[in-house]
Amino acid sequence: MKKLIFILFAVVAFGFSASAQSENGLIGKARGAAHECLQDAPNGWDVNGYSETIGICFVQGFITKVTFYAEYRCHTEVCPKVAAQLLAEVTLDCEGNVIDVVCY
């Protein structure tokens, strides 16, 4: 029983690890596709991105949207909260290929 629980835990942990690596790879690929859009970020702001699943593919994989936004970089003790600026959205298909780039 302990062996079965350990094997199940290892499979789940490996799945989460692969998912995180895959997500970082998709964000990197999307960043390359939206390179020109990200050049419009204000000076001194950090460009961040996050991915979200917007569809499930029939055989395997997911349709993913990666959103990039700029946040004010603050180096002081008291930092004013400035709203983030939306820069771009990139849509990737089931195989991780870029199918759409929208600049804002």
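Cys103 is partly exposed, with a relative accessible area of 46%; here, partly exposed lies between buried, under 20% relative accessible area, and exposed, over 50%, using a 1.4 Å probe and protein chains only. I begin with this residue and turn now to the disulfides of the structure.

Please note that this is a predicted model, in which local features need pLDDT of at least 70, side-chain atom pairs count only at pLDDT 80 or more, and totals for chains, interfaces and linings use all residues. Residues are numbered from 1 along each chain as its sequence is written, and side-chain values use heavy atoms, with hydrogens and water left out.

The structure contains two disulfides, a disulfide being a pair of cysteine sulfur atoms within 2.5 Å.

In one of them, Cys103 is joined to Cys37, with an S to S distance of 1.6 Å. This pair connects distant parts of the chain, 66 residues apart: Cys37 belongs to helix α2 (residues 35-38) and Cys103 to strand β4 (residues 98-103). Helices (H or I, at least four residues) and strands (E, at least two) are DSSP runs, numbered from the N terminus. Cys37 counts as buried, at 4% relative accessibility. The torsion about the S-S bond of Cys37 and Cys103 is about -40°, so this disulfide is left-handed.

Let us move to Cys57 and Cys94, which are also joined by a disulfide, S to S 1.6 Å. Cys57 sits in the loop between β1 (45-56) and β2 (62-72), and Cys94 in the loop between β3 (85-92) and β4, so the pair ties together parts 37 residues apart in sequence. Here the S-S torsion is about -95°, and the disulfide is therefore left-handed. Cys57 is buried at 11% relative accessibility, whereas Cys94 is partly exposed at 28%.
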